[in-house]
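Here are my notes on the model you sent over.

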Amino acid sequence: MPFPTRIEPAIPFRQPGEECEMHGLLEMLSGPWTLHILCSLAANGPMRFAELKRHISGISSRLLTLRLRTLQARGFIHRSASPTVPPEVTYSPAARLEEMRPIIKALRGLALRWNEEDV
């Protein structure tokens, strides 16, 4: 079954009349597997599709494709494809993900500390 070519519609990070200026950003980041993908790319740098899929156990190829398209459209990742057969596609952090790197690093540190405390 071929993957759909539709990209999720770009939603402005803040809709008129919203009380919280972070609503749109938090909604996008809380999408299925989004933070897993961003964390993987922030920690490992450029990765190919299959590497990402192996790194994020449990995600389907279809959902990974949809999330990557959304993240690319929103400026969080770059997609580069080489003209080989089959095409070699690499995903790498873009400017917005680079800005988020310290936040992701802090969240990772917090998760590691809490995991140690809960053992």
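1. A word on terms before the surface number: accessible areas here come from the Shrake-Rupley method with a 1.4 Å probe. On that basis the chain's accessible surface is about 8,100 Å², and carbon and sulfur atoms hold 59% of that. Keep in mind that this is a predicted model.

2. Now the overall layout. The chain has 5 helices and 3 strands. Reading from the N terminus, the order of elements is α-α-β-α-α-β-β-α. Of the 119 residues in the chain, 29% are buried. As for contacts with a separation of 6 or more, 50% of them link residues 24 or more positions apart.

3. On to the sheet. In what order do the strands sit? The order is β1-β3-β2, in an open sheet with antiparallel pairing. β1 (47-48) and β2 (77-82) are the edge strands and have a single partner strand each, so one side of each has no neighbour in the sheet. Between β2 and β3 (residues 88-93), which run antiparallel, there are 6 bridges. If you want a pair to click on, S82 sits opposite E88 in β3.

4. The loop between β2 and β3 deserves a look, as P86 is placed there. The peptide bond from V85 to P86 is cis, with omega near -10 degrees.

5. In soluble globular proteins, nonpolar side chains tend to be buried together. The largest core in this model has 20 residues, and those touching the most other members are I37, L38, L41, L52, I77 and L97. At least two core residues come from each of α1 (23-29), α2 (34-44), α4 (61-73), β3 and α5 (95-117). Which element gives the most to this core? That is α2, with 4 residues.

6. Setting aside neighbours within four places in sequence, L41 is in contact with M47, L52, I77, Y91, P93 and L97.

7. W33 is not a glycine, yet has a positive phi of about 70 degrees. You'll find W33 in the loop between α1 and α2. Is W33 buried, partly exposed or exposed? With a relative accessible area of 24%, W33 counts as partly exposed, since the buried class is under 20% and the exposed class over 50%.

Methods. Residues numbered from 1 in each chain as written. Predicted model: local features only at pLDDT ≥ 70, side-chain atom pairs only at ≥ 80, totals over all residues. Heavy atoms only, no water. Pairing = 2+ DSSP bridges. Core = buried A, V, L, I, M, F, W, Y, C linked by side-chain atoms within 4.5 Å. Buried < 20%, exposed > 50% of the residue type's maximum accessible area, 1.4 Å probe, protein only. Contact = heavy atoms within 4.5 Å.
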